[in-house]
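Have a look at the model first, and then read on.

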Amino acid sequence: MAVEKLKGIYGITLSKHILSKFSVTMPVDFPVGPFSPLNNYHRVWEDPSFIKWRKRDAHVPLYSHDTVEGSLRYWYERSKVNLLNSNSAVWNDDAIFAALESAAFWVKGLPFVKSLSGQWKFFLASSPTSVPGNFCDSTYDDSLWETLPVPSNWQMHGFDRPIYTNILYPFPVNPPYVPSDNPTGCYRKYFQIPREWRGRQILLHFEAVDSSFFAWVNGILIGYSQDSRLPAEFDITGCCHPCDSDKENVLAVQVMRWSDGSYLEDQDHWWLSGIHRDVLLLSKPQVFIADYFFTSNLDENFLSADVQVEVKIDMMQEISEDVNLSSFTMEATLYDNAGWCNSGDNSRKTDLTSYDVVHMKLKSQPPGSLGFHGYHLEGKLERPRLWSSEHPNLYTLVLVLKDASGKLLDCESCQVGIRQVSRAPKQMLVNRLPVVIHGVNRHEHHPRTGKTNLEACMIKDLVLMKQNNINAVRNSHYPQHPRWYELCDLFGVYMIDEANIETHGFDLSSNFKHPTSEPSWASSMLDRVISMVERDKNHACIIAWSLGNESGYGPNHSALAGWIRGKDSSRLLHYEGGGSRTLSTDIICPMYMRVWDMLKIASNPFEDRPLILCEYSHSMGNSTGNIHEYWKAIDSTVGLQGGFIWDWVDQGLLKEGSDGCKYWAYGGHFGDTPNDLNFCLNGLTWPDRTPHPALHEVKYVYQPIKVFLMDSTVKIVNEHFFDTTQTTEFSWILQGDGCDLGSGILDLPIMAPQSSYDIEFKTSPWYSLWKSCSATEVFLTITAKLKHSTRWAEDGHVLASTQLCLLAKSESSPHVINLAKSKILLSEFVGDILTVSKQNIWQIKLNTCTGTIESWKVEGCLLTNQGILPCFWRAPTDNDKGGGPDSYASKWKAAGLDNVSFHTGNCSIKELSDHSVQITAVYFGVSRDQEILLGSGGFNEHENSSYILFRVDVFYWISETGDLIIEYNINPKNDLPPLPRVGVVFHVDQALDHVTWYGKGPFECYPDRKEAAHVGIYESTVEDMHVPYIAPGECSGRADVRWVAFRNRDGVGLFASIYGTSPPMQMSASYYSTEELDKKTHNQDLVKGDDIEVHLDHKHMGLGGDDSWSPSVHDQYLVPSISYSFSVRLCAILPSTSCQEIYRSQLPQ
């Protein structure tokens, strides 16, 4: 059937070698050539039953070593990766060359593997029917074609355009058909076969091509494939010129952007096309190792492991009838990597083969068994070093095929780990322990190369993950580059490997069923699952297979699950579709489930599967709020075992703007339609892997060392499952009112995994300091650091840090300022302006009509020339906008909160003396949209009551000390939605750009995302406080601030603090106004104002993050529309001023 379809597509010449694969004969005089619009052909790229032709069966990566020593040396070199390698990660144009360097590195040391990566000739046709005629012929003149690096996505090099969609297919849904306007890439590459490969088979291996392709060698069609994330391999032995020939071979490839396979690849990421992973030539002997599957079974006490390997042999078609397999010998040996790791640099001089620990024996076939059952070898490993995320111990498996004379014919190898994945009631077990998944979802994404991978960039991801206590990754939503799995094995990262199946867009269709319910798609779906499992089956890091993502649920899934369970019982099965609790999953794996619903499932006695969130904490922009609420539940509830945050990296692509500057683009920036705008920006890091502030919070809730303040003790818990604290250094620091009181190293006994140690408070090293201090607030911070460097961090790296608020020893009374007895406060009226000053030190001007400050100077330096006004609006975050008309932002705007202007009802001087001035004012907040309806003249509260959103009673008190105390009494309209904030806004001079504060920090934090932030005294600049989320919104806030100071370079400035009984406030300072952050859609477009906008908030709504498409801020972090009262204190400061002394002082009543 396959040949008949191709005959209908092409006039083709097929070699005898190719024809021998089929029982069907074809004439050999068909002309060579690609598609012609004049031909009557069958579009195989629109046929779900035709997914491959002449493609070899899926198998593990093959390396074709020439010696056992060479195989061990190869893995030794590939295992020398650590933190230093990540420093060479590049994210700009240099990445194009770095990708080619990576491709060369991955085949280094393999004499029978050759990379074809490099510059290829390239032409982009508008459709498969408009490709250049006969471009696949070896004599075709491609001199006028452009060049394109391979691997790459052609859209990242100026051809065609990237498209970003989340759910919607970027073409009309009419399966299996795709648009006739189907950009088609034509590639040509010249190569020669090394002379040393004479007499051997030649395999052509594509690691991944998006989305479907045909390939020719020397004008002969050698195969077709689809599945954009898995390899396609073809036997081209009979198509190549002889090894001793001077003639160059020509490889031609035709890649279609769209195919029927695209209907199974509707993942939430950029649609990018081309040969985006490496292309290899692989040489094999006439009889060779084609595939193998390693498994292990641990005994009851983990003192020994039975190890097995099943090996598949293949051979050239021409000799298959003459080969007697019984004359060949198969050997399998396990080597302990710890040997060469411990030998350090001396390993180059060491015989790596001396680290053999198991020589497996050929297992005899059971009596009475019929037919050939393959090669099965087995052995026993005593006292195995087990693999886990905490202890990623690896062995090297080496397979050797020898002929009858004992000569080595073929040698294959891989890294393996000994570990056991199993289930207990409500638990997933690794090595019989219920490890907790501190996970993240990861797309393959590079801002410059798109889907093309770089060695250093993958290492950078793993270094950052491990440094931030992430121990698991879900490959969302497709199998990833083979090197990624090797690195996860090395670094110790649990993995869910996910099939390249997503049909989310069918949720929007009213005409077509999900492919999972259609028999016509079953073979294609099964092929993707089989190919994934067969390629990746030997990796220790994989603890579960996933059937794909967001593809509904149907009988095809049952077939996929059945095949995997029959093939591999050593791992669990994962699939979220159909409600995350179908028979096709061993894990309850919902996405974005609320905490209370998780607890219900965990308490259900009829559900014995563990719950692991496949996606949660949608980290879009300024997000990841509430995550500590999830971990309160997970850490305290059997049956809840963690989850995978969505997701790791902002999928912004590097694009040059009209000004020549490059920026990170999102959906729509390339003229792509349809698109889903910035919904691709959900990462914990920016595209260049700079961490978002939220990553601090993730590190905190994931930290393996927890500290709790009990009644009379401090409890330290080692939450590792396999690690003791032998390599961990504990330290403490005591701070009072932000000042260091003392610190030291904690001498603790070694804590076993899952154990704790209590420090008696009275015998602790900080007790005497705490007892003698007079601070109002005392904080104890316990920090756990690495004593020694690891693969992913240097010694001294902070594993965990917890700050505890200790009870103040006694009530401390603030110092009361003594006021002068003589008159030193000067005041004068000029029209409506009241000027209050003290000698030539400071001067405040107030407008008695509006009740606002006109200006404030200290020693001639302008601090502000605008009023201090109430503020209830913030620039909406992505989460604020989620939910359409039900979103917070929509309700805020419907209520007019985004456009409030304040009218002064009355303003009066309550007292004017030699030592103070007291003024009262009443503001009425009205939406500017309603102002036209207001009566003329002064504002009348009674007449305009229906338009009033807020009544704000303000009390000002200006003291001779230069202090301005402002008391606010806020009364909102009772039918308003939850408020973004309740606070004040003012503007300080641009020169006051040095910020010091006492509160949570040093990084951005908000009421529902502040657990990781410690209370302390921090310094920054306004420039550095800005958090450049790609899509702007509310940002740069700091939570629980007691006081803040804004100074110029001379140390002159403005101090602000909470006052009286007011609780700590939320503070932000930015060159960008709230209006600017709201109006602009890209960070690069933000325009700085003429001053610095400062917000001091009595209440600030949380960020949310349970998802980004519905209002998801938890109730306790909402700001209801009720009455509020609070006070702030402001004063001018000089270089000699101590902010802590001001804060500790109290003005006389």
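Helices (H or I, at least four residues) and strands (E, at least two) are DSSP runs, numbered from the N terminus. Please keep in mind that this is a predicted model.

Let's begin with the second largest pocket, which has a volume of about 740 Å³. Its lining counts 46 residues, and A58, H59, V60, P61 and D291 lie nearest the centre. By class, 23 of the lining residues are nonpolar, five are polar and 18 are charged. Elements that each supply at least two lining residues include α3 (68–78), β16 (287–298), β17 (304–315) and α9. The largest share, five residues, comes from α9.

Because 11 of its 15 residues are buried, α9 is largely enclosed by the rest of the structure. Among the buried ones are M525, R528, M532 and R535.

Now to the aromatic rings, of which the whole structure has 50 pairs. Y263 and W521 form an edge-to-face pair, 6.2 Å centre to centre with 65 degrees between the planes. Y263 lies in the loop between β12 and β13 and W521 in the loop between β27 and α9, so the pair ties together parts 258 residues apart in sequence. Y263 counts as buried at 0% relative accessibility, and W521 counts as buried at 5%.

| Charged residue | Ring | Distance from ring centre |
|---|---|---|
| R442 | W484 | 3.7 Å |
| K655 | F670 | 5.7 Å |

Notes
Residues numbered from 1 in each chain as written. Predicted model: local features only at pLDDT ≥ 70, side-chain atom pairs only at ≥ 80, totals over all residues. Heavy atoms only, no water. Buried < 20%, exposed > 50% of the residue type's maximum accessible area, 1.4 Å probe, protein only. 1 Å grid on protein atoms, 1.4 Å probe; cavity = no way out; pocket = protein on both sides within 12 Å on 5 of 7 lines; lining within 4 Å. Points joined across faces, edges and corners; volume = space filled by probe spheres on them. Nonpolar A, V, L, I, M, F, W, Y, C, P; charged D, E, K, R; others polar. Phe/Tyr/Trp six-rings, centres within 6.5 Å; stacked < 30°, edge-to-face > 60°. Lys NZ or Arg CZ within 6 Å of the ring centre and 35° of its normal.
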